[in-house]
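Please examine the sequence and the structure shown below. The paragraphs that follow lead through the model one topic at a time.

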Amino acid sequence: MTRYTWATMIVAAVAMSAGAAQAQAGSQCAPRADIVKALGDKYHESVAGRGLINPNVVLEIFVSKQGSWTVVASDVKGRSCVMSVGEGWDSPTITAAIPGA
C-alpha cells in the first residue's frame, strides 16, 4: 500500500473521529449495516480483519475471493465511511479468514 493511501486513511480517520468526515465524505458514508450489505451484495466482500484507530473509530478490511478489497472506518454511532478500495488483494492470512475460502 502506498504512503499516500496510508496518509489518506489516517487523515480521514482523524477527521471522522472529530465529526468532520461526514461532511467531507458525502455519499461514501452511510450506516454500517448498509455498507456491509452493499459490499456483500455487489462485490461479494466480507470482513477479513479489523482494528481500532482510537476508542471511537474501528477500521475494517473487506475482501472478496476475486481479490477486490474495501477499507471502511466506522464510528461508535454506527456511521461508516469507505476510505479506500482496490483490486488484487493477495494474502494467505486474509484469505483464510474469508468464510468458505
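Which residues point one way from β4, and which the other way? The model, which is a predicted one, places W69, V71, A73 and D75 on one side of β4, while T70, V72 and S74 point the other way. In a regular strand the side chains alternate between the two faces of the sheet. In β4 the residues of both sets are buried. Strand β4 covers residues 69-75, and seven of its seven residues are buried, so that the strand is mostly covered.

The neighbours of β4 in the sheet come next. Strand β3, residues 57-63, runs antiparallel to β4 and is joined to it by seven bridges. Within this pairing, E60 has V72 of β4 as its bridge partner. The hairpin of β3 and β4 has five residues between the strands, and G67 in this hairpin adopts a positive phi near 100°. Strand β5, residues 79-86, also pairs with β4 in the antiparallel sense, here over six bridges. A73 has C81 of β5 as its bridge partner. Three residues lie between β4 and β5 in their hairpin, where the turn residue G78 shows a positive phi of about 90°.

The packing of nonpolar residues can now be considered. In soluble globular proteins, nonpolar side chains tend to be buried together. The largest nonpolar core of this model has ten residues, namely C29, A48, V57, L59, V63, W69, V71, A73, C81 and M83. Two or more residues of this core come from each of β3, β4 and β5. Another core lies apart from it and has five residues, including A30, I35, L39 and V72. W69, V71 and A73, which belong to the largest core, point one way from β4, whereas V72, a member of the other core, points the other way.

Most residues other than glycine have a negative phi, and most peptide bonds are trans. H44, although not a glycine, has a positive phi of about 60°. This residue is found in the loop between α3 (32-43) and β2 (46-54). H44 is exposed, because its relative accessible area is 56%, above the cut-off of 50%.

Finally, confidence must be taken into account. The chain has a mean pLDDT of 79, and 63% of its residues reach 70 or more. Over residues 17-26, pLDDT stays under 50, and the model has 13 contacts beyond four places in sequence for this segment. Where pLDDT is low, the predicted coordinates should not be read in detail.

Methods:
Residues numbered from 1 in each chain as written. Predicted model: local features only at pLDDT ≥ 70, side-chain atom pairs only at ≥ 80, totals over all residues. Heavy atoms only, no water. Helix = DSSP H or I, 4+ residues; strand = E, 2+ residues; numbered from the N terminus. Buried < 20%, exposed > 50% of the residue type's maximum accessible area, 1.4 Å probe, protein only. pLDDT = per-residue confidence, 0-100. Contact = heavy atoms within 4.5 Å. Pairing = 2+ DSSP bridges. Core = buried A, V, L, I, M, F, W, Y, C linked by side-chain atoms within 4.5 Å.
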